[in-house]
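Subject: Structure for you, with notes on its salt bridges

Hi there,

Here is the structure I promised to pass on. Please open it next to this email as you read.

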Amino acid sequence: MALGKLHATGGLVVVAIVALILLNLYFLSGQKDHDFFIDARESLVRSSRGAPMVPKYLILVLSKRGNVERRQAIRETWAKTYRENFGWKTRFVVGRDATEGALGDEHLGDVLEVNVIESYLSLVDKLQKAFGIVLDSEKFQYVIKVDDDVYLNLRPFLEAEDSDPPKGNILGHAIFGSMASTDPVDKYFSEAHASQKAEFPSFASGTGYLMSKETLAAIVRRCTVPRSRTQYEDVYFTGYCRSQLGMHLVDDRHFGFQRRLVLPCNVRQFAVVHNLTAGNLRYVHEMLNLEMSC
């Protein structure tokens with residue numbers, strides 16, 4: 001009789017354990033990204049106890065002055081997620097244009113207006129000034145630069161260990177063997193640059209790249225390459241300046257710049273989803289917050 005009761009008790013314990021395992025699997029498979037970010041945030045807070053917490057990332061969004069709707073879509077989606085869960089700031093970099101008048105969103109306090117005329121051919125000067133301002137006024141460990149048609153998904157970096165580049169490295173989608181556009185219809189076309197017919201040093205696509213604050217400071221303050229060398233900001237900072245200073249370019253698949261097939265399990269693998277309208281930005285945000293396992 002006692003042996004029978006023992007077997008019965010053991011059976012119940014096994015059933016209970018199996019039920020708990022299945023219950024855990026169910027909740028994990030249905031875990032929302034919100035829950036994931038809360039877990040990651042608590043982990044960061046726990047690891048920083050006893051010391052002032054410097055925000056890990058500062059995100060600079062290169063934006064055209066008139067792209068108010070895109071900036072608002074970013075504020076309402078990924079920028080809001082990182083601000084509310086981690087305290088990471090997003091700053092929108094715009095230039096000046098007398099023909100466009102007031103910005104329309106300057107009252108929100110996240111637009112960094114620099115004294116450079118808005119033009120595709122002045123992006124190097126525009127970003128140079130912005131980099132200098134944030135180095136002097138913002139606290140951060142790493143800077144991420146993206147364009148305003150990009151959804152920035154940092155989940156792959158929060159999930160991975162040692163995903164940030166060491167000092168002296170720039171992480172992004174590496175491009176090799178590129179030259180200045182010779183197509184007069186191209187918005188970046190410059191006859192002076194096209195006539196040079198020189199191959200660029202390898203560089204990180206401007207849709208999204210990441211570097212430490214120390215690396216950024218070295219590029220801004222020590223690079224002596226004339227800014228007139230190229231009209232492309234990514235070629236200048238992550239190509240010419242990086243090469244002159246002996247820094248390394250780390251090619252990372254998460255920063256692949258081509259437009260992705262916007263399906264939840266596909267989008268979740270990449271840090272950058274490019275070439276999006278304001279509506280597309282909101283749609284991708286909804287895709288990333290669907291309850292499903294991949």
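Predicted model: local features only at pLDDT ≥ 70, side-chain atom pairs only at ≥ 80, totals over all residues.

Residues are numbered from 1 along each chain as its sequence is written, and side-chain values use heavy atoms, with hydrogens and water left out.

Side chains of opposite charge can pair when their charged atoms come close. The structure holds 15 salt bridges, each being a side-chain nitrogen of Lys or Arg within 4 Å of a carboxyl oxygen of Asp or Glu. Helices (H or I, at least four residues) and strands (E, at least two) are DSSP runs, numbered from the N terminus.

Let me start with R75 and D105, whose side chains form a salt bridge at 2.9 Å, N to O. R75 belongs to helix α3 (residues 68-76) and D105 to the loop between β2 (89-96) and β3 (111-117), so this pair ties together parts that are 30 residues apart in sequence. Both R75 and D105 are buried; that term means under 20% relative accessible area, with exposed being over 50% and partly exposed in between (1.4 Å probe, protein chains only). The two residues also belong to a salt-bridge network that links R71, R75, D105 and D110.

Next comes the salt bridge between K89 and E138, where the closest N and O atoms are 3.1 Å apart. Here strand β2, which holds K89, is linked to the loop between α5 (123-137) and β4 (142-147), where E138 sits, 49 residues apart. K89 is partly exposed, at 40% relative accessible area, whereas E138 is buried, at 12%.

A further salt bridge joins D125 to R227, with 2.7 Å between the closest N and O atoms. D125 is in helix α5 and R227 in the loop between α8 (213-222) and α9 (233-244), so the link connects distant parts of the chain, 102 residues apart. D125 is partly exposed, with a relative accessible area of 32%, and R227 is partly exposed too, at 39%.

Finally, the backbone detail. N275 has a phi near 65°, a positive value in a residue other than glycine. You will find N275 in the loop between β9 (272-273) and α11 (278-288), partly exposed at 43% relative accessible area.

Best wishes
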